[in-house]
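Please look through the sequence and the model shown here before reading the report.

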Amino acid sequence: MEKIGQNAVKFFDNILEKQKNNWGKPIYGILKLADKYGYEVIEKACIRALMFNSLKYQTIKNICEKGLYNLPLDNSISLVTKDNLDDLSRPLSEYEKLLYL
């Protein structure tokens, strides 16, 4: 497991600690994903899953399948910018007026 990376080991340790009787399937499943995606992707997926406190095989699988391991880990970076807004967007004050009709 250590050849995958430190964060994968930390992820597996957390699974062992929290799921004392049901750790086999998620760990073996993730190790099987490493055959398909490689150790580097699994390591990055484990970092992301740990950041969101999710210790599920499905989380790692989704991160790998959707390429989410490449997204920035910094929560202060917004993925929505003003450049993405179009002419249809309105200030929130206009919606507030609708509440009082």
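## Overall fold

The model is predicted. The protein chain contains five helices and zero strands, and from the N terminus on its elements run α-α-α-α-α.

Of the 101 residues of the protein chain, 27% count as buried. Among contacts in the protein chain with a separation of 6 or more, 56% are between residues 24 or more positions apart.

## Helix 1 and helix 2

Two packed helices are described by the angle between their axes and the distance between the axes. For helix 1 and helix 2, the axes come within 10 Å and cross at roughly 160°. An angle over 145 degrees counts as roughly antiparallel, and helix 1 and helix 2 are therefore roughly antiparallel to each other. The crossing of helix 1 past helix 2 is right-handed.

On the helix 1 side, the contact is made by F11, F12, I15 and L16. Helix 2 contributes P26, I27, I30 and L31. By class, this contact of helix 1 with helix 2 has eight nonpolar residues, no polar residues and no charged residues.

## Helix 2 and helix 4

Helix 2 spans residues 24-37 and helix 4 spans residues 57-66. They pack at an angle of about 15°, and their axes are 9 Å apart. Angles under 35 degrees count as roughly parallel, so helix 2 and helix 4 are roughly parallel to each other. Helix 2 passes helix 4 in a crossing that is right-handed.

Helix 2 makes this contact through P26, G29, I30, L33 and Y37, and helix 4 through Y57, I60, K61, C64 and E65. Sorted by class, the contact of helix 2 with helix 4 has seven nonpolar, one polar and two charged residues. P26 and I30 take part in the contact with helix 4 and also in the contact with helix 1.

## Nonpolar core

The largest nonpolar core has 19 residues, and the members that touch the most others are F11, F12, I30, I42 and I60. At least two residues of this core come from each of helix 1 (6-18), helix 2, helix 3 (39-51) and helix 4. Helix 3 supplies the largest share, six residues.

Apart from its neighbours within four places in sequence, I42 is in contact with I4, I30, L33, A34, I60 and C64. Of these partners, I30, L33, I60 and C64 also belong to the contact between helix 2 and helix 4.

## Loop residues

W23 lies in the loop between helix 1 and helix 2. Its relative accessibility is 33%, so W23 counts as partly exposed. W23 and K56 are 33 residues apart in sequence, with a C-alpha to C-alpha distance of 10.0 Å.

N53 is located in the loop between helix 3 and helix 4. Most residues other than glycine have a negative phi. N53 is not a glycine, yet its phi is positive, at about 55°. With a relative accessible area of 69%, N53 is exposed.

Technical notes: Residues numbered from 1 in each chain as written. Predicted model: local features only at pLDDT ≥ 70, side-chain atom pairs only at ≥ 80, totals over all residues. Heavy atoms only, no water. Axes fitted to C-alpha atoms, helices over the stretch in contact; angles between N-to-C directions. Helix = DSSP H or I, 4+ residues; strand = E, 2+ residues; numbered from the N terminus. Parallel < 35°, antiparallel > 145°, perpendicular 65-115°, else oblique. Left-handed = near helix turned anticlockwise from the far one by under 90°. Contact = heavy atoms within 4.5 Å. Nonpolar A, V, L, I, M, F, W, Y, C, P; charged D, E, K, R; others polar. Core = buried A, V, L, I, M, F, W, Y, C linked by side-chain atoms within 4.5 Å. Buried < 20%, exposed > 50% of the residue type's maximum accessible area, 1.4 Å probe, protein only.
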